Each structure stands twice: as structure tokens, then as C-alpha cells.
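Reader: Can we go through this one together? Start with helix packing, then side-chain pairs.

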Amino acid sequence: MSGLLALLDDVAGIAKVAAASVDDVAAAAGKAGAKTAGVIIDDAAVTPKYLQGFAPARELPIIWRITRGSLFNKLILLLPVAMLLANFAPWAITPLLMLGGSYLCFEGAEKIFHVLFPHASHAIDEDMSIKDPGHLEEQKIKGAIKTDFILSAEIMTIALAAIEAPTVWMQAATLAVVAIGVTLAVYGSVALIVKMDDVGLFLAQNALTTPGRGLGRGLVKFMPVLMKILSVVGTAAMLWVGGSIIIHGLEVLGFGWLGHLIHDWAYAVGHAVPEGWTGAVEWAAKAAMDGVFGLAWGLVLIPLATKVIGPVLGMLKKKQSGHQ
């Protein structure tokens with residue numbers, strides 16, 4: 001009997017340790033996930049555009065396929081690479097973060113540049129024309145998964161840099177939890193967003209009460225406004241996150257003057273308002289300055305990406321297709 005009680009006591013001890021480990025993973029995942037908020041907002045804002053032009057019945061299946069692609073990107077492709085980097089080449093994390101941050105700055109700046117100076121790609125328009133709905137669906141899903149790969153790489157790298165775990169297994173478990181949680185949050189939100197107008201239309205046509213039908217009409221009218229708001233918020237988040245990543249990376253590499261300057265200016269702005277608003281105003285000022293820097297850096301990158309990197313990649317792709 002004493003042996004059985006000792007065994008049960010050991011089992012209880014193991015269960016406590018396991019529970020503590022789960023709590024640690026959840027806490028670390030929550031902290032790391034919060035660091036990726038800007039990229040998550042952008043991811044949720046970008047994805048709905050890939051569903052434009054499809055029948056409502058195809059929207060959720062397409063979202064599900066993109067979700068599976070996103071999980072594959074994060075858990076199968078990026079998680080092992082992230083763990084190898086963290087344990088064998090931690091020096092590479094900051095440059096990779098800065099590379100991803102530069103991409104976010106470029107994307108955000110290109111969106112603003114496109115609004116100010118509209119331009120179109122005839123090749124893209126031709127490829128995206130609705131002549132073959134099946135081909136269009138496959139192309140848009142592939143495009144969404146490619147975009148997700150870049151954003152997922154940024155999310156995983158940001159999360160990895162924020163994780164403080166005592167063991168490699170705890171680190172990997174935390175990163176996996178972040179990957180799954182972020183993916184479900186992003187594409188769950190996207191599913192709600194793209195189906196909300198259908199819900200509104202249903203209520204407008206079938207609700208039993210006048211307020212219910214009015215709510216439905218309101219949802220239908222509000223959804224285009226929400227999509228525009230998401231686009232603006234996503235672009236701002238891109239520039240803010242990208243700019244802050246570049247500035248922090250420069251600090252890590254020993255070039256901290258810009259980060260210190262922004263910190264001092266934000267501190268001065270925050271302490272120029274009543275005490276209760278100091279923290280919020282200081283944070284907003286720093287985020288705004290990070291975003292302005294991100295926009296400036298992105299504008300510098302636009303000619304480099306469009307005149308040099310893009311043509312070179314196009315030539316390499318043509319050569320590869322020719323060899324095949």
C-alpha cells in the first residue's frame with residue numbers, strides 16, 4: 001500500500017511539473033504572440049483581397065486551403081529552420097529580422113505609392129482575369145500562401161526573438177503554440193470578415209423584425225468601409241512594425257543613435273501632456289516615428305526592388321523555365 005501511495009505521489013508530482021510546463025508555454029506564447037501584433041493585423045487585412053471575384057460558396061473552402069498552407073509554412077518549413085537558427089546561428093536572427101522588416105516597409109510604402117501614383121501590371125491583370133475560375137482560384141490560393149510564407153517567417157522570427165525558454169523543447173513548443181494560435185486567429189477573423197456581408201444580406205431579407213432587417217442592411221453597407229479601414233490599419237501596421245524592427249536591429253548591431261533619438265523625442269512628447277496620458281502618448285509618438293522611418297526606408301527600397309531585384313528574379317525564373 002505504501003508503495004502504491006508513493007507511486008501516486010510521484011505521478012502527482014509529475015503532473016504538477018507538466019502543468020507548470022504547460023503554463024510556462026502558454027505564458028511565453030502569449031508574450032511572444034503579442035510582439036507579432038502588427039504583422040498579424042497586416043496578415044488579416046491582406047488576405048480578404050484574395051477572395052474577391054469568387055462566389056460566396058467558394059470563400060470558406062478557399063480560406064481553409066490557405067489556412068492549411070499557412071500551418072504547413074509555419075510548422076513544417078519555418079519552425080525547424082527557426083530552431084536551427086536559434087541554437088546554431090543566433091547571430092543570424094537580427095539580420096533576418098531586418099530583412100523581413102525591410103520587406104514590410106517596402107510593401108507598406110508601395111501601397112501608399114500606388115494610391116498616390118496609380119499604376120497597374122498588364123501581366124497581372126491578364127493572369128487574374130476571370131476566364132477560367134478554377135485556374136483563378138488555384139493562382140490566388142498560391143499567391144496567398146506565398147504572401148503568408150513571408151509574413152509567417154516574420155511572425156516566427158519576431159516570436160522566436162521574444163521567447164525566453166529554459167530548454168530547446170520548451171522553445172519549440174512555445175513557437176508551435178504561437179504558430180497555431182496566430183494562424184487560427186488570423187484566418188478565423190478573415191472567415192468572419194468575408195462572410196459578414198452574407199450574414200447581413202440574410203438578415204436584411206429574412207429577419208422577422210424591423211430592427212433585425214435594419215441590422216442586416218447596416219452590416220452590408222458597413223463591410224466595404226471595414227475593408228478600407230483594415231487596409232489602412234494593415235498598411236500602418238506594416239510600416240510601424242517594419243520600421244521598429246529595422247531601428248531595433250541597428251541598435252543590436254551597434255548603431256543605436258537613431259533609436260535613442262526616437263526614444264528621447266517620444267519621451268519629450270509623452271511628458272508634455274497630463275500625467276495620466278503620458279504612457280499612451282509616448283507609445284503613440286514612438287510608433288508614429290517608427291512608422292515614418294519605415295515609410296522613408298520603404299520608399300528608398302521601391303526603385304531597388306522594381307528596377308533591380310524584380311528583373312533579376314524574372315531573368316532567373318525564365319532561365320529555370322528554359323532549362324526545364
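**Helix packing and side-chain pairs**

Author: Helix 4 (residues 93–116) and helix 8 (residues 210–252) have axes that come within 8 Å and cross at roughly 150°. This is a predicted model.

Reader: What is the handedness of the crossing of helix 4 and helix 8?

Author: The crossing is left-handed.

Reader: Which residues make the contact?

Author: From helix 4, the contact residues are Thr94, Leu97, Met98, Gly101, Ser102, Leu104, Cys105, Glu107, Gly108, Ala109, Lys111 and Ile112. Helix 8 contributes Thr235, Met238, Leu239, Val241, Gly242, Gly243, Ile245, Ile246, Gly249, Leu250 and Val252.

Reader: How many residues of that contact are nonpolar, polar and charged?

Author: The contact of helix 4 with helix 8 has 13 nonpolar residues, eight polar and two charged.

Reader: Switching topic. How many salt bridges does the structure hold?

Author: One. The side chains of Lys286 and Asp290 form a salt bridge, at 3.0 Å from N to O.

Reader: Where are Lys286 and Asp290 relative to each other in the helix?

Author: Both are in helix 10 (residues 278–323), four residues apart, so about one helical turn separates Lys286 from Asp290.

Reader: And Asp290, buried or exposed?

Author: Asp290 is buried, with a relative accessible area of 1%. Lys286 is partly exposed, at 36%.

Reader: Now aromatics. How many pairs?

Author: The structure holds two aromatic pairs. In one of them, the ring centres of Phe113 and Phe117 are 5.1 Å apart and the planes are at 45°, so this pair is tilted. Phe113 has a relative accessible area of 33%, which means that it is partly exposed.

Reader: What about Trp240 and Trp283, and why is that pair edge-to-face?

Author: The planes of the Trp240 and Trp283 rings are at 75°, and the cut-off for edge-to-face is over 60 degrees. Their ring centres are 5.6 Å apart.

Reader: Where in the chain are the two Trp residues?

Author: Trp240 is in helix 8 and Trp283 is in helix 10, 43 residues apart, so the pair links distant parts of the chain.

Reader: How accessible is Trp283?

Author: Trp283 counts as exposed, at 53% relative accessibility. The cut-off for exposed is over 50%. Its partner in the pair, Trp240, is partly exposed at 26%.

How values were computed
Residues are numbered from 1 along each chain as its sequence is written. This is a predicted model: local features need pLDDT of at least 70, side-chain atom pairs count only at pLDDT 80 or more; totals for chains, interfaces and linings use all residues. Side-chain values use heavy atoms; hydrogens and water are left out. Axes are lines fitted to C-alpha atoms, for helices over the stretch in contact, and angles run from 0 to 180 degrees between N-to-C directions. A crossing is left-handed if the near helix is turned anticlockwise from the far one by less than a right angle, and right-handed if clockwise. Contact means heavy atoms within 4.5 Å. Ala, Val, Leu, Ile, Met, Phe, Trp, Tyr, Cys and Pro count as nonpolar, Asp, Glu, Lys and Arg as charged, and the others, Gly among them, as polar. A salt bridge is a side-chain nitrogen of Lys or Arg within 4 Å of a carboxyl oxygen of Asp or Glu. Buried means under 20% relative accessible area, exposed over 50%, partly exposed in between (1.4 Å probe, protein chains only). Rings of Phe, Tyr and Trp (its six-membered ring) pair if their centres lie within 6.5 Å; planes under 30 degrees apart count as stacked, over 60 as edge-to-face and the rest as tilted.
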